[in-house]
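Student: I would like to learn how to read a structure like this one.
Tutor: Let us take it feature by feature.

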Amino acid sequence: MPRPILATIHTEALRHNLARMREAAPDARVWAVVKANAYGHGIERVFDALRGADGFALLDLQEAERVRALGWRGPVLLLEGVFEPRDLELCSRLGLWHTVHCDEQIEMLAAHKTQVPHRVFLKMNSGMNRLGFAPQRFRTAWARLDALPQVEEISLMTHFSDADGARGVGEQVRIFEEASRDLSGERSLSNSAAALRHAGDARVRGDWIRPGIAVYGSAPDFPEHDIAHWQLQPTMTLAARVIGVQQLQPGDTVGYGSSFRAEAPLRVGVVACGYADGYPRHCGTGTPVLVEGVRTRLLGRVSMDMIGVDLTPLPQAGMGSAVTMWGRAGNGAVLPIDEVAAAGGTLGYELMCALAPRVPVVVAD
Ligand SMILES: *Cc1c(COP(=O)(O)O)cnc(C)c1O
């Protein structure tokens with residue numbers, strides 16, 4: 001028998017979440033962001049559910065090839081553009097749209113021999129200071145691209161640093177607008193957080209939104225809001241089973257470092273899931289978990305292959321009981337990935353991307 005651990009990808013939830021993002025910005029087109037292997041879900045596993053998107057956005061040229069190999073003829077956008085000149089050959093061959101965020105990429109394009117005119121997304125650094133042209137250099141970059149025979153269409157984009165937080169997007173929107181006011185081209189500004197929190201502003205919606213995390217059922221601004229607030233559904237469940245039970249007496253401890261000590265008699269379920277499966281090692285005693293769909297808590301430290309859980313609320317639970325690490329339990333109960341992530345000092349993003357290759361994955365409705 002295989003080790004009892006399984007990840008499930010929920011295609012109905014992916015469809016639902018994508019529809020929610022459309023609702024958030026009904027007049028915009030939607031790039032479904034599928035970078036990092038669709039946030040750990042697997043591009044091939046999510047493709048069918050997300051094919052209602054207007055395009056797929058990603059970073060990796062191999063991932064772009066995979067999207068084309070699935071038969072997708074629509075737009076594919078490379079969010080970081082090309083890394084070396086020969087990448088442009090693939091862009092021409094596969095009809096990939098690509099971000100242009102620096103002079104070197106313009107030079108590569110100017111030297112590129114192609115019959116296929118390219119569609120580019122010119123990126124402005126409006127304050128995040130990651131990729132993009134400074135606002136005062138944006139117009140020159142646009143004019144250089146506009147003069148290239150290799151370029152068919154230029155769209156304008158930027159990325160927000162604080163769409164999920166108190167600082168918001170106002171200043172970056174102002175900078176972007178001011179530096180691009182009379183440049184023609186479609187606009188794309190919003191990630192999930194901006195689309196959910198700030199899309200009342202038509203400038204923020206633009207022509208294309210670029211949601212990732214919300215499509216995968218994680219609230220971009222947790223704990224201020226959770227997925228129930230945004231009406232999003234979990235798209236990944238990580239489930240395992242109890243493979244051992246221990247009866248503790250007062251003073252007994254659980255796991256490495258004896259970090260949890262029982263004060264009263266207590267039953268511990270030992271679950272076949274550990275940090276080598278992608279469960280965060282920084283989650284400690286108290287991290288929420290579902291046993292047979294009932295909420296309980298982790299006890300002690302996460303080991304490589306096992307975790308202890310408190311069976312106190314579940315007198316009937318024991319060997320073989322189903323444990324939901326995150327996602328949806330058999331009885332419909334939901335444990336948002338964001339709660340587990342927060343208990344481990346990280347984000348839903350990191351947990352879904354870190355699902356380990358050794359965990360078998362199935363696709364369900
Ligand atoms: C990853 C990414 C997104 C999606 O961000 P989410 O927070 O997952 O919605 C959008 N735009 C760019 C440029 C990105 O790199």
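**A buried charge, then the rest**

Tutor: Start with lysine 123, which is buried yet has no salt bridge. Glutamate 80 holds the nearest side chain of opposite charge, 7.4 Å away. Buried means under 20% relative accessible area, exposed over 50%, partly exposed in between (1.4 Å probe, protein chains only). A salt bridge needs a side-chain nitrogen of Lys or Arg within 4 Å of a carboxyl oxygen of Asp or Glu. For charge, Lys and Arg count as positive and Asp and Glu as negative; His and the chain ends are not counted.

Student: What kind of model is this, and how is it numbered?
Tutor: This is a predicted model, with residues numbered from 1 along each chain as its sequence is written. Local features need pLDDT of at least 70 and side-chain atom pairs pLDDT 80 or more, while totals for chains, interfaces and linings use all residues; side-chain values use heavy atoms, without hydrogens and water.

Student: Where is lysine 123 found, and which residues does it touch?
Tutor: Lysine 123 is in strand β6 (residues 118-124). Helices (H or I, at least four residues) and strands (E, at least two) are DSSP runs, numbered from the N terminus. Contact means heavy atoms within 4.5 Å. Not counting residues up to four places away in sequence, lysine 123 touches Thr99, Val100, His101, Leu131, Gly132, Phe133, Phe138, Met157 and His159.

Student: How many salt bridges does a search of the whole structure find?
Tutor: Side chains of opposite charge can pair when their charged atoms come close. The search finds 24 salt bridges here. One joins arginine 174 and glutamate 171, with the closest N and O atoms 2.9 Å apart. Both lie in helix α8 (residues 170-180), three residues apart, about one turn of the helix. Arginine 174 counts as partly exposed because its relative accessibility is 40%. Glutamate 171, at 44%, is also partly exposed.

Student: Which pair links distant parts of the chain?
Tutor: Arginine 197 and aspartate 221 meet in a salt bridge (2.6 Å, N to O). Arginine 197 is in helix α9 (residues 192-197) and aspartate 221 in the loop between β9 and α11, 24 residues apart. Aspartate 221 is buried, at 4% relative accessible area, whereas arginine 197 is partly exposed, at 23%. Separately, Arg3, Asp277, Asp305 and Arg358 are linked in a network of salt bridges.

Student: What backbone geometry deserves a look?
Tutor: Most residues other than glycine have a negative phi, and most peptide bonds are trans. Asparagine 37 has a positive phi of about 55°, and phi of alanine 38 is near 55°. Alanine 38 counts as buried because its relative accessibility is 0%; asparagine 37, at 26%, is partly exposed. A cis peptide bond joins phenylalanine 222 and proline 223, with omega about 5°. Proline 223 is in the loop between β9 (208-209) and α11 (227-230).

Student: Which residues come nearest to the ligand?
Tutor: Near means that a residue has a heavy atom within 4 Å of the molecule. Of the 13 residues around the ligand, Lys35, Tyr39, Ser192, Ile213 and Tyr349 come nearest. Polar contacts are pairs of N or O atoms within 3.5 Å; within protein, one must be able to donate a hydrogen and the other to accept it, and residues adjacent in sequence count only if both atoms are side-chain atoms. A polar side-chain atom of serine 192 lies 2.5 Å from a ligand oxygen atom. For tyrosine 349, a side-chain N or O atom is 2.6 Å from an oxygen atom of the ligand.
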